[in-house]
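Here is a short briefing on a protein structure. Look at the sequence and the model first, then read the points below.

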Amino acid sequence: MTTEGEGKAIQIEDLVVRYGDRQVIDHLSLGVAAGEVYGLLGGNGAGKSTTLQAILGFVSPTSGRVRVVGLDPSAEPVGVRRAIAYIPENVALYDHLSARENVDYFLRLARLRPEQDEMEAAFRTVGLAEEAWSRPVSGFSKGMRQKTAIALALLRRASVLLLDEPTSGLDPGATADFNALVSRLRGEGAAILIVTHDLIGVADIADRIGFLEKGRIGDEMVAEGPDRFDLRALHDRFARVRAA
Amino acid sequence: MTSLLREARFLLSLRSAALAIACLFLLTAVAIGAGLVEVARQEAAIARIGPQQKADVAAVAAWASKGRDPGDAAYYTFHATWDPPSDLAFAAIGTRDVSPYVLRVRALGLEAQLYEGEIGNPEAALPGRFDFAFVLVYLAPLFVILLFHDLHSGEREAGRLRALEASVGSTFGFWGARVAVRGAGLFIALAIPFLVGAAVAGTAAWKVAAVLTVILAYLAFWIVLGLVVARAARSSLANAMTLAAAWMALTLILPAIGHVVINSAIPLRQGMELGVKQRTAVHRAWDVPKSETMNAFFRTHPEWKDTAPLTEAFHWKWYFAFHQVGDEAAGDLARRYHDGVLERAAWSERLGMVTPGVATQLALHRLAATDPAAQIAYQDGIRAFHGQLRRFYYPYLFRDKPFDRADFDRAPAFQPTSEDGSWPGALLAGVVLMTCLVGALGVLRSRR
């Protein structure tokens, strides 16, 4: 039997997650195709982090189905994590190591052997200044840390990117740089799921936006036309979902 | 293998971790060095006995053979006994620090001579020697705590945990490699100086293997305990405090309470009573008729009954007889003391079944033959030798045989029994059992 979302890089169907008596995800269904940016918008406690954890295989579904590049994260976490690059809200790297050493270490964790020229090319692509490559990341700004993490994602050739609140705390210039990078990765065929509560930030970059409330998608909007999203309409629908 | 190399490189990049391992290495090296120096000092002292004994006997012989009584020779000649250190004593000095390892005895009453040693400050001996056993039992767990208390929680607190676990194929493999590398770092810091010490001391291969097994088992216990505490998902500080409390309880408080209980349950007051009883019996002989002493002596040594009767004049055979009667009067106490020391050791071993620190220390002392059993074995060797001395001198004393210069050379010479240590199977099993128990409790707790 072929379901509607078959073939999508991330496919969640009727997902329910319970922590004891508390239902955190309530029959959630969503799909993200290759070359698509999906913005999952929700307030605190809406279930954004649990959704990410279910995709990463850290949380097992109570019922329903999660597939990442066709694999079940609960049953095949190794294969799933190999396909995913996860960039948390605050990219925490090893402060005593340089950007180069951090990337080298994390790539080796994923059983990859990084070439120096590839690494440098990735740093250039994400716009990390050359003088920062060999500097301990303890002095890095949030934007520089994110660039390092995205360089890592590029080098891992991850087909799925999970971005958790990626633009929070970034200045407008860094946000624009970040969005340009995400667009580029989308152009290269990555399926990108952005989890955020920042409506304006996600509107700039997402192709579709799902409004998550009480563990389920209350509404969904698709980008249309040159302006992509009407911010006013986006805000109204988000407010309606939250009030429901 | 790749993941182990990756984690080894990572560990070396952590200055605090590398420093901790280097510090443990240095402490172990110093302890091993101190142990080798102490053993060399004891061996040098033992080596000096031979020539000194020869010179001493020659001086007594020169004096006593000039028409003197054989009693003069028996009374004035000291006979050296010694307990050579085993090839592993450098790692665990044990009772060699507080009990004599060289004792010169005469054919007089033995019990008063057995506990004679050089005067040392007992308070200085109380904390024990800074040897390898001390570093392993008391200090190594602190380094385990240092390297493992924040293994998991540190990553969580830094916000890296999810990113790390999302980056690896198998989280079990990742944490396994981290644990193995840190554990290996500590093992190497302990094992390399020990191996160097063992090479210098010429330690038997089986003992080297046994000590390495003891190190591995004890480190494994603390690492498993560290991981179980870390599973509770508390803060690094809380983990560190919990583990420090466990260290206090398992290496200091429980062993101390255990030893107080054992010492109260098996009192060894016999040591003091023994000396007093022997001396009282000996000194009493001056105040009672000689016949009373001799009758007591002949009851246990009838072979000398038909020798020439004593007169009112002093005779050495009476003197030596009342010394032996004194020893026999204290014989029961001596046996109880002997058995008490071994019983205390047996109960300490039982205590080791629940306190891995005690088990580890006892295992090293047993391997090094520096435990109470080895001390008792040396005393038993002295007793046997002393019996030979009596059997050698008594024919001269009781039959009034002349004792000339050549007879000095016929006196028995002490042959040390080579205590070689033994495999501490039960003690090791205790450590492994406790490790499994702690691990099982951790698994049960995490499933709840």
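What percentage of the 244 residues of chain A count as buried? In this predicted model, 48% of them do.

**Chain A overall**
- Chain A contains eight helices and nine strands.
- Its C-alpha trace spans about 50 × 40 × 35 Å along the principal axes.
- A compact globule of 244 residues would have a radius of gyration near 18 Å, and chain A agrees because its own value is 18 Å.
- Taking contacts in chain A between residues at least 6 apart in sequence, 69% join residues at least 24 apart.

**Helix α6 of chain A**
- Helix α6(A) covers residues 172-187, which makes 16 residues.
- From its first C-alpha to its last, α6(A) reaches 22 Å, close to the 22 Å expected at 1.5 Å a residue.
- The buried residues of this helix are Thr175(A), Phe178(A), Leu181(A), Val182(A) and Leu185(A).
- Seen down the axis of α6(A), these buried residues fall within an arc of 125°, so they line one face of the helix.
- As background, an α-helix has 3.6 residues a turn, so residues three or four places apart point the same way.
- On the face of α6(A) turned away from the buried side are the exposed residues Pro172(A), Gly173(A) and Gly187(A).
- The buried residues of α6(A) are covered by elements of chain A including the strands β3 (37-41), β6 (160-164) and β7 (191-196), and also the helices α4 (116-126), α5 (142-156) and α7 (199-203).
- After α6(A) comes Gly189(A), which has a positive phi, near 100°.

**Nonpolar cores**
- The largest nonpolar core has 107 residues, and Ala91(B), Val144(B) and Leu186(B) touch the most other members.
- Helix α10 of chain B (residues 205-231) gives the most to this core, with 16 residues.
- Another core lies apart from it and has 83 residues, among them Ile55(A), Val103(A), Met119(A) and Ile194(A).
- Leaving aside neighbours within four places in sequence, Ala91(B) is in contact with residues including Gly35(B), Phe132(B), Phe194(B), Val211(B) and Leu364(B).

**Where chains A and B meet**
- The contact takes 17 residues from chain A and 17 residues from chain B.
- On the side of chain B that touches chain A, α1 (2-13) and α8 (161-167) each supply at least two residues.
- The largest share of that side, five residues, comes from α8(B).
- The residues of that side of chain B divide into eight nonpolar, five polar and four charged.

Technical notes. Residues are numbered from 1 along each chain as its sequence is written. Chains are lettered from A and ligands numbered from 1 in the order in which they are written. This is a predicted model: local features need pLDDT of at least 70, side-chain atom pairs count only at pLDDT 80 or more; totals for chains, interfaces and linings use all residues. A nonpolar core is a set of buried Ala, Val, Leu, Ile, Met, Phe, Trp, Tyr and Cys residues joined through C-beta atoms within 7 Å. A residue is buried if 20 or more other C-beta atoms lie within 10 Å of its own, exposed if 12 or fewer, and partly exposed in between; C-beta atoms are placed from the backbone. Helices (H or I, at least four residues) and strands (E, at least two) are DSSP runs, numbered from the N terminus. Two residues are in contact if their C-beta atoms, placed from the backbone, lie within 7 Å. The expected span of a helix is 1.5 Å times one less than its number of residues. The arc is that of the directions from the helix axis to the C-beta atoms. The radius of gyration is taken over C-alpha atoms; the globule rule is 2.2 Å times the number of residues to the power 0.38. Ala, Val, Leu, Ile, Met, Phe, Trp, Tyr, Cys and Pro count as nonpolar, Asp, Glu, Lys and Arg as charged, and the others, Gly among them, as polar.
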